[in-house]
Every structure is written in structure tokens, then in C-alpha cells.
Amino acid sequence: MVNIIFEDSFEGFLSALFYAFNNDIKNPLFLKAQKPSLFKTIKVELDENIITIAKGFLEEEIIELFYDCFCFDEEKAFSDVYKSFLFYMKNKHLKDIHKDFIRNLTYYRKSVNRERHKYIGFLRFHKLDNVLYARFEPRHFVIDYLGEFFKRRYQEENFIIHDLKRKKAAIYYEKRFSIEDFDKELNVEKDQYQELWKAFFEAVTIKERTNKRLQNHYVPHYFRKHMTEFDN
Amino acid sequence: MYIINMDVEQKLRILADGAKYDVSCASSGGVRETVDGGIGNSYAPGVCHTFTSDGRCVSLLKVLFTNVCIFDCEYCINRASNNIKRASFTPRELADITINFYKRNYIEGLFLSSGIAKSPDHTMELMLKTVKILREEYKFNGYIHLKLIPGASKELIEEASKLADRVSSNIELPTEKSLKLLAPDKNKDNVLKPLMFVKNLRDNSEKSIASASTQLIVGATDEPDYQILRLASYFYEKKILKRMYYSAYIPVPNTKHIKVDKTPLLREHRLYQADWLIRFYDFKYEEIVEKDSNLDLELDPKTAFALKNIHLYPVDVNKASYEELIKVPGIGRKNAMKIIQARAFKTLEDIDLVKLGISIKKAKHFIVAKRYLGYSLSPEYIRKAIIKGESKGHSYTQLKLW
């Protein structure tokens with residue numbers, strides 16, 4: 001087994017896939033950060049042209065699929081992408097869903113998409129001086145997707161979407177967008193609209209139809225920590 | 001009827017409370033993009049921003065402009081003769097709440113309904129004023145659903161359908177007889193005409209015109225599901241409505257004509273399932289509900305259909321067309337596509353279906369894979385097996401539905 005360390009970005013990951021393929025490495029394990037290991041470790045540098053190179057071999061939709069699976073952000077997913085990548089290089093398709101590793105990709109993508117979609121609704125922004133600030137702890141790497149989404153929606157605002165778990169943030173400031181390492185949790189204060197929102201949330205409930213189990217099904221507790229309307 | 005000075009929070013509580021029985025909350029299907037210098041866009045799949053403790057999705061700031069009303073509809077909590085606290089927003093107040101909620105990502109937009117204060121036109125004008133502040137001053141392009149006030153003038157309805165993404169006018173009751181009985185101030189014309197008028201606009205305009213929906217109260221009067229679904233099919237066929245909402249009647253104090261105490265929510269749920277089959281699965285209403293009767297409460301309408309038409313089954317998953325596959329209880333549109341994709345590589349066995357993540361609990365009675373899965377038994381037996389299977393061990397999935 002060989003550990004392959006890649007730079008923490010999709011381009012970095014793609015570079016590692018191609019490196020492993022070109023050098024015919026057996027049983028590679030793809031890692032973002034170096035963990036102590038008994039196995040041989042190779043650090044793959046980011047190739048600036050990797051997207052162009054990848055497009056020469058892979059269809060656009062395959063690259064998108066790999067990207068979504070990369071966002072799943074677990075080693076198992078990285079390794080299934082690699083196996084699928086090898087399969088694709090040989091067969092020029094990924095339609096054989098009887099292969100476990102190909103079927104898993106559908107699962108990773110679904111899970112990532114579901115979380116992206118949930119947070120489009122569940123993310124809560126706080127109004128600081130001149131910036132809207134949202135913090136949360138997603139399971140997958142979703143701030144890039146959410147950043148792009150809110151960039152279109154709040155084009156005249158500044159915002160920070162802070163992934164506390166990965167210590168990264170999607171930052172949109174004076175119409176420039178970037179993903180950055182972000183370590184410091186900002187202070188938020190209560191404002192009038194938060195109170196109004198809580199009042200509204202209470203008032204629209206039909207008490208005669210209370211069904212907490214159904215509510216838990218749709219908003220599992222792990223989402224609620226950063227949601228204004230739930231007491232934490 | 002009295003209005004006292006109250007702060008915005010009190011108003012919001014009262015006017016959200018008064019609007020909550022309108023079940024529509026969809027924010028899907030919008031096509032608006034952010035405008036230069038503006039805020040907001042619509043997101044086609046729709047977004048749920050939170051769920052209240054009754055398990056309902058909150059997508060829009062759903063409020064009444066005012067709960068003052070000159071009408072006296074018996075099923076309505078806001079009717080003139082009901083002794084409740086009354087309140088009204090100003091257009092500015094409501095526009096500001098909307099935009100500030102939107103910036104904090106609490107909502108996809110606004111759902112604005114209203115009691116009828118003074119006159120239909122006066123009310124509609126105030127609602128439009130609110131929406132114009134949002135659309136024109138704040139350049140807000142998020143989702144807006146506007147209720148068309150029965151009896152409002154054509155000009156105002158036209159304006160509403162240009163500013164909003166969705167407009168609606170609640171038919172409330174499936175027959176004019178019931179409407180007369182329970183809503184003496186409304187008539188078929190003033191709830192239906194606005195919808196027809198909007199349809200004509202849509203057919204003859206280059207600009208984008210809001211889609212339309214309506215709501216029916218289920219169980220306050222004795223029309224059967226057959227009548228309700230026939231009406232829904234008519235609206236879908238003529239492309240008058242994009243959606244129909246069904247609301248199980250919730251008792252309102254001091255009613256004279258309404259005898260029932262409570263409609264089972266399950267009936268509402270079955271109507272939605274049937275509606276879905278009509279809109280997305282090519283079923284005809286006559287196929288799923290028998291003349292002058294209600295849907296089967298024990299079984300979902302697709303399963304009920306299958307048991308009545310057992311000669312159409314079993315369906316061979318390795319050969320059946322997409323259209324045949326989606327008529328199998330337990331197999332939806334996505335799963336049908338998965339099956340078609342997967343069988344290109346090998347003949348499917350039951351275990352393959354499970355691997356694909358398809359639940360065969362229900363479907364097994366109606367399909368053939370490489371070998372036969374069902375027990376080739378009578379519809380009566382399958383019926384019992386499915387009902388038993390659902391009440392046993394699956395109480396969770398059952399509970400979550402209503």
C-alpha cells in the first residue's frame with residue numbers, strides 16, 4: 001500500500017489521481033493530510049493545468065461526478081473515485097452499476113447533494129456591520145457550492161460562510177469570491193429580526209397537529225445547533 | 001372588531017397565525033434571476049428553510065396583510081363574526097420584515113394573503129403596494145405568492161400576476177351548493193374568474209405571468225374524493241392550475257352548518273398521493289377512484305389501483321417499459337430509470353433491486369425479476385400482507401406522513 005498525499009483542493013486530488021495512474025501505483029490510499037503511517041508515502045504536487053489535462057481524458061459530466069464525490073470528503077470516497085477512474089480509462093463509461101465502487105459514487109453524490117440542498121435552507125446568516133456571517137458544521141465539504149449559490153442571491157452583500165469543522169470559509173467581499181482557511185469564529189449579537197423570526201416560527205405552528213417525530217425527521221438535531229429558531 | 005396599537009411582533013404573531021391554515025408553501029418552479037443592484041433569485045427545486053413542530057415545511061413568510069374581514073365564511077377562523085384580535089401591517093413594515101428575513105436566509109420569499117378590509121380592491125391595492133416596494137424599491141427577485149382577493153378588479157389581478165411568481169384563489173369547496181352554504185359572500189364566479197383571467201393572460205402574453213393554484217377544504221361538506229379529483233383533473237387538463245392543495249378541515253368555533261368534528265389527516269394525504277399520480281404518473285382520476293366514493297384509506301392509491309387491476313401484473317422488470325414500471329406500487333420514476341439503466345448490463349435478480357436501493361417490500365407482489373418474487377396470490381391476500389407489513393415494524397415511516 002502507498003499513501004498519496006494531495007493538496008487539499010479538487011485540482012490537487014485530480015493531480016494525485018493522474019499521478020497514481022501514470023505511475024501504475026498499486027493500492028494507493030489518497031490522503032489530504034499526512035498521518036503517521038508505516039507505508040510508503042508520496043506527496044503529489046498540484047499540477048496547474050490538471051483540469052485541461054483531465055478534460056482530455058474524461059467527459060465533463062464524469063469530472064463533475066468526481067468533484068461531487070471529492071466533496072464527500074472521506075478517504076473511502078477518494079479511493080472509490082480512483083477505482084472508477086481506472087474503470088473509466090479502460091471502458092470509457094461508468095454505467096455498470098453492478099460494480100460496487102461505481103454504485104458507491106452515486107451514494108456519495110447523493111449524500112453531498114442532499115447536504116448542499118439542506119443547507120441552502122438551513123444556513124442562518126447574522127448581520128454584522130457590513131457583512132452577513134453564517135457558521136455551521138457540515139459533514140461534507142459544501143461551502144464552495146453554498147458560496148456560489150449565495151453569491152448569485154446576495155450579489156450586493158458581503159458574506160462569510162464559515163465551516164467550523166474544516167476551519168475554512170467561503171468569502172464574498174466587494175464582489176470577489178474565494179475559499180480561504182478561516183480559524184476565527186466571529187462574535188454575533190442578537191438583533192430584532194431574530195426575535196421576529198422566532199415569533200413567526202411559533203405562530204405558524206398548528207398546535208393541534210404537533211408531530212415532533214416528523215419535525216426531527218426533516219430537521220435532525222445536528223442541524224439545529226446553528227439555527228436561530230431552535231433553542232440550543 | 002377593534003384594532004389597537006401594537007408592535008410589529010404582536011402583529012406578526014396574529015397575522016401569521018391567521019394565515020397558517022393555507023397549506024400551500026411551495027417555492028419551487030421559479031425562474032427569476034437576481035437583477036443588477038438587487039437581491040434574490042428563485043431556486044427551481046424550492047427550499048424548505050425550517051420545519052415547525054407539526055412537521056410542516058416553512059419556505060415563505062406566510063402572513064395575512066390584515067385579518068380584518070367583511071366576509072363571514074363559516075369554515076374560516078378570520079370570519080367577521082368571530083371574536084378574535086385583529087391587526088394589519090403597513091406595506092412598509094411587511095416589506096422590511098420580508099427583506100430582512102431574506103438576508104438572514106430564513107425564507108425564500110413572501111406568501112401574502114389577506115382578509116378583506118373595506119373592499120376587495122382596497123385590500124388588493126395594499127397588498128400590491130407591499131409587493132411593489134419589494135420588487136421595485138428593493139429590487140427583490142425572490143419568490144412571491146399572492147392571494148387574489150375574490151371580487152378584485154381585473155386591472156389589479158393583472159398587476160398581481162405580473163409581479164408574483166404564483167397567484168392563487170381558493171375555491172374552498174368543490175360545489176357551488178356548499179360554497180353558498182358556508183361562504184355566503186363568495187360565489188363560484190368571484191373565486192374562479194380570477195383564475196380563468198390569469199390563464200388567458202398567460203396564453204396571450206409574452207411577459208412572464210404567475211402560475212396559479214387553489215385550495216379545497218376537505219371534510220367540511222360531504223363531497224366525495226371522486227368529485228374532488230375530477231375537479232382537480234379538469235383544472236390540470238385545461239392548464240388553469242399548476243397545483244391544487246387539499247386542506248383537512250380543522251374545526252372552527254361556533255359553526256352552524258358544519259357537522260363533522262374533524263377530517264382524518266389521512267384522507268388529505270391520500271388525496272395528495274392521488275393528485276401526484278394524476279400529475280406525474282399519467283393516471284386518470286377515474287382509474288384511481290370509483291364513482292361517487294372516497295379513496296381507500298388503508299392503501300395508497302397506486303397499490304389500490306394495482307389490486308383492482310391485478311391482470312396487468314406481474315410486470316417483468318427485465319422487459320417492461322418505463323410506463324409499465326412506474327405503475328408498479330413501490331417503484332417511482334427514479335427507480336424505474338435505475339432499473340432500465342441497470343438491466344442493460346445483466347438480467348436483474350431480486351437481490352440486484354435491493355442493491356440499487358429499491359425497496360421491494362410492496363413491489364415484490366407485482367413484479368417478476370429473474371425469478372418470480374410474488375406469491376401469485378389473490379388480491380385479498382396481497383392487500384392483507386401490505387397493510388400488515390405497514391402497521392408492523394414500519395410505524396415510523398407511517399407516522400412521518402401525517
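The model is predicted: local features need pLDDT of at least 70, side-chain atom pairs count only at pLDDT 80 or more, and totals for chains, interfaces and linings use all residues. Residues are numbered from 1 along each chain as its sequence is written, while chains are lettered from A and ligands numbered from 1 in the order in which they are written.

**Select chain B.** Its C-alpha atoms fill a box of roughly 70 × 55 × 40 Å along the principal axes. Switch to cartoon. There are 15 helices and 10 strands; these are DSSP runs numbered from the N terminus, helices being H or I of at least four residues and strands E of at least two.

**Colour by burial.** Of the 402 residues in chain B, 46% are buried. Buried means that 20 or more other C-beta atoms, placed from the backbone, lie within 10 Å of the residue's own.

Select 8-288 of chain B for domain 1, then 301-401 for domain 2. The bounds come from an automatic or database domain assignment. Over C-alpha atoms, the two domain centres are 36 Å apart.

**Go to the contact.** Domain 1 of chain B gives 9 residues and domain 2 gives 6. Two residues are in contact if their C-beta atoms, placed from the backbone, lie within 7 Å.

**Select 265-280 and 285-288 of chain B.** These are α8 and α9, the elements giving two or more residues to the domain 1 side. The largest share, 6 residues, comes from α8(B).

Notes:
Buried ≥ 20, exposed ≤ 12 C-beta atoms within 10 Å, placed from the backbone.
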